[in-house]
Amino acid sequence: MNHFKNWTKRFAMACLFMMALFATFQSISGVNAQLLISQITVLVSSTKTVSGTQPSLEDSIDWSKYPKHTVTATGYTAGIESTGKTKDHPEYGITYSGVKVKRDLFSTVAADLTVFPIGTILFIPGYGYGVVADKGGAIKGDRLDLYYETVADVYNKWGKKQLAVYVVEKGNGKLSEETLKALNEDKAMQVFRQQYISSEKR
């Protein structure tokens with residue numbers, strides 16, 4: 001109880017000190033203290049908005065400047081249920097391009113390579129960036145397979161959707177681990193990274 005009273009007194013004294021400071025500032029400078037306080041309040045509240053809730057990647061970029069392509073997107077894993085390979089297989093988790101499967105800010109996806117060549121970077125709303133690294137027997141035409149780490153993630157996070165994706169960059173048929181790593185480590189993009197991978201890590 002005494003602690004609460006002491007805290008209340010300190011808070012009241014701090015308020016009185018700030019009011020006296022602003023009154024003195026106003027009388028010396030002629031600047032309206034009330035106007036100054038309101039501007040500080042607006043600045044603080046806007047700072048809280050920026051730091052408290054990071055805008056999503058989908059809202060931060062004007063996607064209309066990129067070509068759109070409507071696809072049917074499903075999910076896949078590196079496991080036997082999707083690839084027929086078990087963890088002891090030498091090519092487990094290795095895509096057609098040679099890079100390892102990855103769920104990150106830039107994730108590996110499978111596509112019909114006549115539609116989206118290896119290395120094509122797509123933005124997939126609700127999933128994030130997908131880099132075409134793989135192909136699949138059932139992935140023909142306007143279809144994509146999006147990599148997830150577990151079967152539960154495939155069903156709980158995605159399922160099957162028909163949607164428009166954005167072609168950020170057309171691939172040249174090649175993709176290396178170094179290129180994929182550089183995309184995922186781009187400093188300017190790190191603020192968005194957790195939006196796409198945090199839910200899978202829980």
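Of the 202 residues in the protein chain, 33% are buried. Buried here means under 20% relative accessible area, with exposed over 50% and partly exposed in between, using a 1.4 Å probe and protein chains only. This is a predicted model: local features need pLDDT of at least 70, side-chain atom pairs count only at pLDDT 80 or more, and totals for chains, interfaces and linings use all residues. Numbering runs from 1 along each chain as its sequence is written, and side-chain values use heavy atoms, with hydrogens and water left out.

The fold next. The chain has seven helices and six strands. These are DSSP runs, numbered from the N terminus: helices are H or I with at least four residues, strands are E with at least two. The order is α-α-α-β-α-β-β-β-β-α-β-α-α.

Now the core. The largest nonpolar core holds 39 residues. That is a set of buried Ala, Val, Leu, Ile, Met, Phe, Trp, Tyr and Cys residues joined through side-chain atoms within 4.5 Å. Among those with the most contacts inside this core are Phe116, Ile124 and Tyr129. Contributors of at least two residues each include β1 (68–76), β4 (128–134) and α5 (151–158).

Which rings go with Trp63? Ring pairs link Trp63, Tyr66, Phe106, Phe123, Tyr129 and Tyr166 into a cluster. Rings of Phe, Tyr and Trp (its six-membered ring) pair if their centres lie within 6.5 Å; planes under 30 degrees apart are stacked, over 60 edge-to-face, the rest tilted. In total there are nine aromatic pairs. Trp63 and Phe123 are stacked, because their centres are 4.0 Å apart and their planes at 10 degrees. Trp63 sits in the loop between α3 (57–60) and β1, Phe123 in strand β3, 60 residues apart. Both are buried. Trp63 and Tyr129 are edge-to-face, since their centres are 6.1 Å apart and their planes at 65 degrees. Tyr129 lies in strand β4, so this pair ties together parts 66 residues apart in sequence.

Last stop, Thr120. Is Thr120 buried or exposed? Buried, at 0% relative accessible area. Thr120 is in the loop between β2 and β3. Its side chain reaches the backbone oxygen of Pro117 at 2.7 Å. The side chain of Thr120 also reaches the backbone nitrogen of Gly171, at 2.8 Å.

Conventions:
Polar contact = N/O pair within 3.5 Å; in protein donor to acceptor, adjacent residues only side chain to side chain.
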